[in-house]
Amino acid sequence: MWGYIQKPLRGDKMKHLKLTLFLFIIFSGKAFSEVRIIATVDKKLISIHEGVQLEIRVEGTQQATPPLLKNIKGFRMVQGPVESTQMSIVNGRQTSSISYSYILVPLGTGRQTIGPIDITAAGKNYRTKPITIEVVGNNYKAANGKKVANPNILLLLETQKNKAYINEQILVTLTLYFRNIDITGVDPPDFAFDGFVPYDIGGRPVQERKSYNDLIYNTVQFRKILVPIKTGKLSLGPVPLNITISEADNRRRDDLFGSFFGHYRQINKVVQSQPLSIDVLPVPEAGKPASFDGAVGVFSLDAKISPKTVVEGEPVTLSVTLSGYGNLDNMSIALPTNTADFRTYEPETTKRTGISNGKLGGTKNYKQVWVPISEKATSIPAVQFSYFDVNSGKYKEITRGPFPLKVTKDSGAPKLYVTEKAAIEKKGGHIKILRQDIFPNIIKISKAGASQRAYNQPLFFLLIIFPPATWVVLFGIAKRQRRLKTDTAFFRRLNAKKLVNVRLKKARAAFKQNNGQLFYAELSDALCHFIADKLHIAAPQISSASVKGHLENAGINKEIIEDISRTLEEYDFERFSNSSFSGDKAKKQLKHCERLLQNLDKSLK
Amino acid sequence: MIKKTIIIAAIFLFSGTVSAVSDEAYNAFIEANNAYLSTNYSKAIRLYQKAIALKLNSGGVYYNLGNAYYREGKLGLAIASYLKAQRLMPRNADIASNLKTARNQTENRIIPYEVNPALKQFLFLYFKFSLDELLWVSGALFACLFIFLSVYAFVPAAIIKRLAFVIGVFLIITALTAAVKVYKYNADKVAVVVKDKVIVRAGPGKSYASRIELYDGAEMKVLRIEDKWVKIQVAKEKGWISEKDVKILHF
């Protein structure tokens, strides 16, 4: 406890103190900050099936650019950089660091060196010390006879064969072997290899117990079909696999429950397979049939036509079914087309592909419409399909047809023309199509409307804007008309002005005839009927005496009310007294009446 | 006043609201056809492109352009033109046939996903009608709907109400189909390789590893475009390809 009460610092002093502290922290840190680069690995002796974790630690600054590690000889980076930073101030000394972690998998056995690795930190270039790692193969023994720890996990990549033809399917299996270890999770592996198209086998990975090097292992097997799309010596793998291992956590033995139930921690690990290579051969040139189109596998072909008797111009359907094992996605049958006596249409294709017994295959159906345009058409040409049989290593050619057809003449049938004939050659009783040709150009196009898209055409916008606008107007008119028919008050209010004009016209006529009685009677009627129509009450109810009450209820200005009441009294006086008719006075009264009606019209809207 | 408005609107409606093709564009098309017939395909290509630049936006022009490219041996450009033509004239059997012929001659033989014919029949509005046709039909149905509503305002007969309802249902179907088409054209852009051979790489740059080789005419789905590199998907493979090596079919 202090013996005095400290005075609070004044504003300026406090600011100075804060600034001094800040500068002290910054510069004291700077003064001690010496940049150091340290590269470490988690183990220096690994098997070909394992990954190694490389950490590059930059001490003294956090201003660093992570190295990309694209081309480390003998290794492939599968994860990273994962960045983590640290900062601490101890006894006024500030230290900061940044670490970059990578997971590297070896590409071969023997002594491999990581680095030196270049890194830029705090604007300067640094270089790490090289790290030597010994990678051992499947015997798990290092050069000095030392056994590599953890032979309990290994990943093997296997193929059916190490030689294949282009487009031939290859079954590839990736098997994770493990024993005396608890694996709780395995990520699906990536089978993307340069030069191959992968196909899923489907289903879950196969789990079973297997023997390997006289030991029993639990295994998880992933299978894929790969189809090579280029020739040469192609490499597969190494394939990395992320797994999660559950391990007893020995660090927490002091925990009462932990010692009883046991604590486990989940560790993520990367294992990798050995690489493989496959010789992908081109299909042989010798004996290659003219109709060969790249199909490799084992196939069968069926074809038929229906109906077999038609009238000229009627369609005939040619149905072709190709089935077997092979990559049906990438192959097609060049159906004959465009003969002199037929017009053909684009065939409709349906396919059902899948993998059965570890083989990719299925069925592909073609349905093509043939229309005989001449009664000379006697047959639909044969369908040919050739493929390279991987079992016998030879080409096989299947021919179905030609399909005899009886065409009868129909004089009323419309003529069809084929303007560009396909190159055809009659050979061996059937027509063999040498080259599929395209249909001819379109000669005429419509000039109207072809210049712009629909949404750029004014007519399109008229269609969108004009009808709704018209509907709004017409809907308003119809609604008004219905109201005029049913709402009397609305009708009287709308008609009031029209009727008052008629009465004023009559008053003017009476004025011209010097008929004072009629003149004032019309002015009085005009005013009374106008008020009665606007307020929807009977006209006789309006008089110089009663008008005040009605207009006050309608919220009319008191001055106007007084004026109207007085005016009606004057009209009554002039109508019923025997005084002579004064033109000047009547003219003034007429104008005054018109003004009153205008004011009333505005007030009684 | 109402009469005047109607008269002015009618005059506006029937005076040149449908934009016709300019003579220059049409003449270019005719000249191109003549050049094609005389086997001068490079001239035909130039003239078809001129007609398109002059806004002759017809499926026939793209189809003929595709034929000219095909004759010149430019499979990728031919396929791209046929695809464009097919969007404008989806029921034309000749376009489908020529597209198939061109595809059959490509090296990669990547056959795009084919929709089940039964589904095609069921969704015939989507597959058999072009976007322009759908828009015109929607516009006409929209106008009809409001004409019926206008008549109903004066003659509130049940039959008119029912007809307006039926038109409304058809309008929703055609307008939704058109909207889906616009969305698909924008979301699922297609690109076609227009070089003899291109390399699909793992990343957007030449320094990235090569993954697959594609040849002239190979079709692919465009995933995104980034700094003159296009991320594409072919079958189940993904990768990057230089923008200048492909023709992208824009909306």
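In this predicted model, helix 7 and helix 8 of chain A are oblique to each other. Helix 7 spans residues 558–576 and helix 8 spans residues 583–603; their axes come within 11 Å and cross at roughly 140°. Since angles over 145 degrees are needed to count as roughly antiparallel, this pair is therefore described as oblique. The crossing of helix 7 of chain A past helix 8 of chain A is left-handed. On the helix 7 side, the residues that meet the partner are I560(A), D563(A), I564(A) and T567(A), and on the helix 8 side they are H592(A), C593(A), L596(A), N599(A) and S603(A). By class, this contact is made up of four nonpolar residues, four polar residues and one charged residue.

Helix 5 of chain B, residues 75–88, packs with helix 6 of chain B at an angle of about 155°, and the two axes are 9 Å apart. The two helices of chain B are therefore roughly antiparallel to each other. Here, too, helix 5 of chain B passes helix 6 of chain B in a left-handed crossing. Helix 5 of chain B brings L75(B), A78(B), I79(B), Y82(B), L83(B), A85(B) and Q86(B) to the contact, while helix 6 of chain B brings I95(B), A96(B), N98(B), L99(B), A102(B) and R103(B). Of the residues in this contact between helix 5 and helix 6 of chain B, 10 are nonpolar, two are polar and one is charged.

The contact between the chains takes 48 residues from chain A and 54 residues from chain B. On the chain B side, at least two residues each come from helix 1 (2–14), helix 2 (23–37), helix 4 (59–72), helix 6 (93–104), helix 9 (131–154) and strand 3 (210–215). Helix 9 of chain B gives the largest share of the side that touches chain A, with 13 residues. Sorted by class, the side of chain B that touches chain A holds 29 nonpolar, 15 polar and 10 charged residues.

Turning to the sheets, strands pair through backbone hydrogen bonds, either parallel or antiparallel. One open sheet of chain A has three strands in the order 12-21-18, with mixed pairing. Strand 12 (163–165) and strand 18 (232–236) of chain A are the edge strands; each has a single partner strand, so one side of each has no neighbour in the sheet. On average, neighbouring strands of this sheet are turned by 35° against each other, direction ignored. Strand 12 of chain A and strand 21 of chain A, residues 276–281, run parallel and are joined by three bridges. Within this pairing, A164(A) has V280(A) in strand 21 of chain A as its bridge partner.

Four bridges connect strand 8 of chain A, residues 118–121, to strand 9 of chain A in the antiparallel sense. Across this pairing, T120(A) stands opposite N125(A) in strand 9 of chain A.

Two details of the backbone are worth a look. Most residues other than glycine have a negative phi, and most peptide bonds are trans. The peptide bond between S306(A) and P307(A) is cis, with omega at about -10°. P307(A) belongs to the loop between strand 22 (292–306) and strand 23 (309–311) of chain A. In chain B, T39(B) has a positive phi, near 60°, although this residue is not glycine. T39(B) is placed in the loop between helix 2 and helix 3 (41–53) of chain B.

As for confidence, the model scores ipTM 0.77 and pTM 0.46. Chain B has an average pLDDT of 87, with 90% of its residues scoring at least 70. For chain A the mean pLDDT is 78, and 83% of the residues reach 70 or more. Residues 256–260 of chain A have pLDDT below 50, and this stretch has four contacts in the model beyond near neighbours in sequence. Residues 411–434 of chain A also stay under 50, and for them the model has 42 contacts beyond four places in sequence.

How values were computed:
Residues numbered from 1 in each chain as written. Chains lettered and ligands numbered in written order. Predicted model: local features only at pLDDT ≥ 70, side-chain atom pairs only at ≥ 80, totals over all residues. Contact = placed C-beta atoms within 7 Å. Nonpolar A, V, L, I, M, F, W, Y, C, P; charged D, E, K, R; others polar. Axes fitted to C-alpha atoms, helices over the stretch in contact; angles between N-to-C directions. Parallel < 35°, antiparallel > 145°, perpendicular 65-115°, else oblique. Left-handed = near helix turned anticlockwise from the far one by under 90°. Pairing = 2+ DSSP bridges. pLDDT = per-residue confidence, 0-100.
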